[in-house]
Amino acid sequence: MSIIDITPLRLMSAYLMLAIPLGIMLWLRMPMMGQTLVAVVRMTVQLLFVGFYLQFIFDLNNLWLTGAWVLIMIGVADVSIVNGCRLRFRRLGLGLFIALVAGTIVPLLVFAFVVLKGPSALDAQYLIPISGMILGNCLRADIIGIRTFYESLKKEEKAYLLSLSQGANLREALLPFVRDACQAALAPTVATISTVGLVSLPGMMTGVILGGGNPMTAIKYQIAIMIAIFAGTALTVILAIRLTAFRNITARGTLDQAVFTGGRG
């Protein structure tokens, strides 16, 4: 089997489907027409740029260049997560970056050296898509987990301080908030794992099938990537909270409000 290429003209025809959501927005007078058009243009330019750049990286197939690209992806995710949580980058940026590197690289190395295991396992063709899928899911989980942790700690500060006053140390007082944040962050991934293949055909499986692979090969890749994603999200969320929380607790044990973008920095 070979993949059917899409000519530029046929790709342009795909944009006709935008008439459906844009028509609904006009009909309901939703004030997001401009935002939507900007998002579509941005998506197109970004993907075209990435397509040209990835073709360049795949042709060179240099491990150092591949690693640099993965680090750039992690850096962009780092900024996006902090902005998405409405927290200050200088308070979370470094700890979150370390957590993302661990949450992406550890399952990626297991995938490459244990699951794939071969001379081609470190090719850019494998490392970049796999790291992108792991990192994309880490990003979503981190936004949910970090936001839940800091917002619930701010909202329930009295209960947290009461726990400290009753003799709990800092780790013990923070534990319920860490547990709730991790549960909120991991719940979507657990739900996806339990319904994958029934509700939707996920990205890697679809990609392998479209690339000419047989369905059983696609399923084996999908099982491995789902486990890698789950491991990566769990690792990055717990590390992100652990590596940033203590820096944002004052000497008196209270949450430093300067961590919030609306607080005093």
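Angles under 35 degrees count as roughly parallel, over 145 as roughly antiparallel, 65 to 115 as roughly perpendicular, and the rest as oblique. Helices themselves are DSSP runs of H or I with at least four residues, strands are runs of E with at least two, and both are numbered from the N terminus.

Before we use those words, a note on what you're looking at. This is a predicted model, where local features need pLDDT of at least 70 and side-chain atom pairs count only at pLDDT 80 or more, while totals for chains, interfaces and linings use all residues. Residues are numbered from 1 along each chain as its sequence is written, and side-chain values use heavy atoms, with hydrogens and water left out.

Now the overall picture. The C-alpha trace spans about 65 × 55 × 35 Å along its principal axes. Of the 265 residues in the chain, 34% are buried. Buried here means under 20% relative accessible area, exposed means over 50%, and partly exposed is in between (1.4 Å probe, protein chains only).

Take helix α9 (residues 203-210) and helix α10 (residues 215-245): they pack at an angle of about 150 degrees, and their axes are 8 Å apart. That's why α9 and α10 count as roughly antiparallel to each other. Their crossing is also right-handed. What does that word mean? A crossing is right-handed if the near helix is turned clockwise from the far one by less than a right angle, and left-handed if anticlockwise.

Next, look at α4 and α5, which pack at an angle of about 135 degrees with their axes 9 Å apart. That angle makes α4 oblique to α5. The crossing of α4 and α5 is right-handed.

Between α4 and α5 there's a loop, and Arg-86 is found in it. Arg-86 has a positive phi of about 55 degrees although it is not a glycine. Why point that out? Because most residues other than glycine have a negative phi. Arg-29 has a positive phi of about 55 degrees as well, and it isn't a glycine either. You'll find Arg-29 in the loop between α2 (19-28) and α3 (33-60). With a relative accessible area of 77%, Arg-29 is exposed, whereas Arg-86 is partly exposed at 49%.

Arg-86 also brings us to the salt bridges. A salt bridge is a side-chain nitrogen of Lys or Arg within 4 Å of a carboxyl oxygen of Asp or Glu, and the structure holds 2 of them. In one, Glu-151 pairs with Arg-86, and the closest N and O atoms are 3.9 Å apart. This pair links distant parts of the chain, since Glu-151 sits in helix α6 and Arg-86 in the loop between α4 (63-85) and α5, 65 residues apart. Glu-151 is partly exposed, at 36% relative accessibility.

The other bridge joins Arg-91 to Asp-256, with the closest N and O atoms 3.0 Å apart. Here too the pair links distant parts of the chain: Arg-91 is in helix α5, Asp-256 is in the segment after α10, and they are 165 residues apart. Which partner is buried and which is partly exposed? Arg-91 counts as buried at 13% relative accessibility, while Asp-256 is partly exposed at 22%.

That segment after α10 also contains Gly-253, which counts as buried at 9% relative accessibility. The C-alpha atoms of Gly-253 and Trp-27 are separated by 52 Å, and the two residues are 226 apart along the chain.

Finally, turn to the surface. Leu-63, Val-106, Leu-109, Val-110, Phe-113, Val-114, Val-115 and Leu-122 form a nonpolar patch there, with about 690 Å² of accessible area together. Such areas come from the Shrake-Rupley method with a 1.4 Å probe, and for residues only the protein chains shown count as cover. Patches are made of residues with over 30% relative accessible area and no salt bridge; nonpolar side chains (Val, Leu, Ile, Met, Phe, Trp, Tyr) are joined within 5 Å, and like charges within 9 Å. Helix α5 (residues 89-116) supplies the largest share of this patch, 6 residues. Leu-122 has its place in the loop between α5 and α6 (124-155), and is partly exposed with a relative accessible area of 31%.

Notes:
Axes are lines fitted to C-alpha atoms, for helices over the stretch in contact, and angles run from 0 to 180 degrees between N-to-C directions.
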